[in-house]
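Hi everyone, thanks for making time this morning. I'd like to walk you through one model, so please have a look at it before I start.

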Amino acid sequence: MDKEVSAGSTTSTLGHLALGLTLLAFGIGHTEVIDGVTAADAVTLATYLGGVALFVAGLFAFRDSDAFTGTAFTALGALWFTWGVSADAQVSANAAGLFLLLFALVTLSLALGASGGSALARGTYGLLFVSLVLIAVALFGDSAGLAKAGGWFAAVAGLLAWYGATAALAHWPTALPGRPAGRGVTATG
């Protein structure tokens, strides 16, 4: 790994910790890899840490003139808060799937908008997009297997967000190794 370390802002670090923990809880709950733990068990964490704390971190990012992080954190805070407070509501599987599909579009926008950002941020938003699409399709088609696959994507996205925040705090490397520009295999005739 390169020695490049992104210190990140305090707001970004806090937001990525909140996002990472929420995604881990949500994802592990959907995988059902821990006996007796389901996605419903992540509701309180999603409501307050993923919803309220992430939304507030987004507002602080806007205050710091960081429009992308502010947009990402407030939008995802709205997702988690809405998901958390409506978890007990009696809605159809199709309505729940549509909700997740709409927020998948938001995360796709975030993944594409993070093109100039770190690989960890792009990976987090990209994996969250795949997770939400898989879980939405699972709800539309009543497929436990797709929901579990979506849970694994969410858990890995949570690990990426958590690592990015921890790396910023611990000054660990965050850049992936790569070859210098202009160097590569050339064809000779």
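Let me begin with one side chain, Trp80. Contact here means heavy atoms within 4.5 Å. Trp80 counts as buried, at 1% relative accessibility. For that word, buried is under 20% relative accessible area, exposed is over 50%, and partly exposed is in between, with a 1.4 Å probe and protein chains only.

A quick note on the ground rules. This is a predicted model, in which local features need pLDDT of at least 70 and side-chain atom pairs count only at pLDDT 80 or more, while totals for chains, interfaces and linings use all residues. Residues are numbered from 1 along each chain as its sequence is written, and side-chain values use heavy atoms, with hydrogens and water left out.

How confident is the predictor? On pLDDT, its confidence in each residue from 0 to 100, the chain has a mean of 89, and 88% of its residues reach 70 or more. Residues 1–7 have a pLDDT below 50, and that stretch makes 22 contacts in the model beyond near neighbours in sequence. Residues 184–189 are also below 50, with one contact of that kind.

Now the overall layout. The chain has six helices and zero strands, running α-α-α-α-α-α from the N terminus on. Helices (H or I, at least four residues) and strands (E, at least two) are DSSP runs, numbered from the N terminus. Of the 189 residues in the chain, 40% are buried. Among contacts with a separation of 6 or more, 71% come from residues 24 or more positions apart.

Back to Trp80, this time with a partner. Which kind of aromatic pair do Phe26 and Trp80 form? The pair is edge-to-face, with 4.9 Å centre to centre and 70 degrees between the planes. For the cut-offs, rings of Phe, Tyr and Trp (its six-membered ring) pair if their centres lie within 6.5 Å, and planes under 30 degrees apart count as stacked, over 60 as edge-to-face and the rest as tilted. This pair links distant parts of the chain, since Phe26 sits in helix α1 and Trp80 in helix α3, 54 residues apart. Phe26 is buried as well, with a relative accessible area of 1%. Ring pairs join Phe26, Trp80 and Trp83 into a cluster, and a search of the whole structure finds six aromatic pairs.

That brings us to the core. The largest nonpolar core has 32 residues, and those with the most contacts inside it are Leu19, Leu76, Trp80, Trp83 and Tyr125. By nonpolar core I mean a set of buried Ala, Val, Leu, Ile, Met, Phe, Trp, Tyr and Cys residues joined through side-chain atoms within 4.5 Å. The elements giving two or more residues to this core are α1 (10–31), α2 (43–63), α3 (67–85), α4 (93–113), α5 (119–141) and α6 (144–170). The one that gives the most is α5, with seven residues.

The largest pocket has a volume of about 680 Å³. Of the 27 residues lining it, the closest to its centre are His30, Trp83, Ala96, Leu100 and Leu139. For the record, on a 1 Å grid over the protein atoms alone, a pocket is an open set of points where a 1.4 Å probe fits, with protein on both sides within 12 Å along at least five of seven lines, and lining residues have an atom within 4 Å of a point. Grid points are joined across faces, edges and corners, and the volume is the space filled by probe spheres set on the points. Helices α1, α4, α5 and α6 each give two or more residues to the lining, and α4 gives the most, with five.

Gly150, in helix α6, is buried, with a relative accessible area of 0%. Leaving out residues up to four places away in sequence, Gly150 touches Ser131, Leu134 and Ile135.

Then two loop residues. Glu32, in the loop between α1 and α2, has a positive phi near 55 degrees without being a glycine, and is partly exposed at 47%. Ser65, in the loop between α2 and α3, is not a glycine either and has a positive phi of about 65 degrees. Ser65 counts as exposed, at 68% relative accessibility.

Thanks, and I'm happy to take questions.

Methods:
pLDDT is the predictor's confidence in each residue, from 0 to 100.
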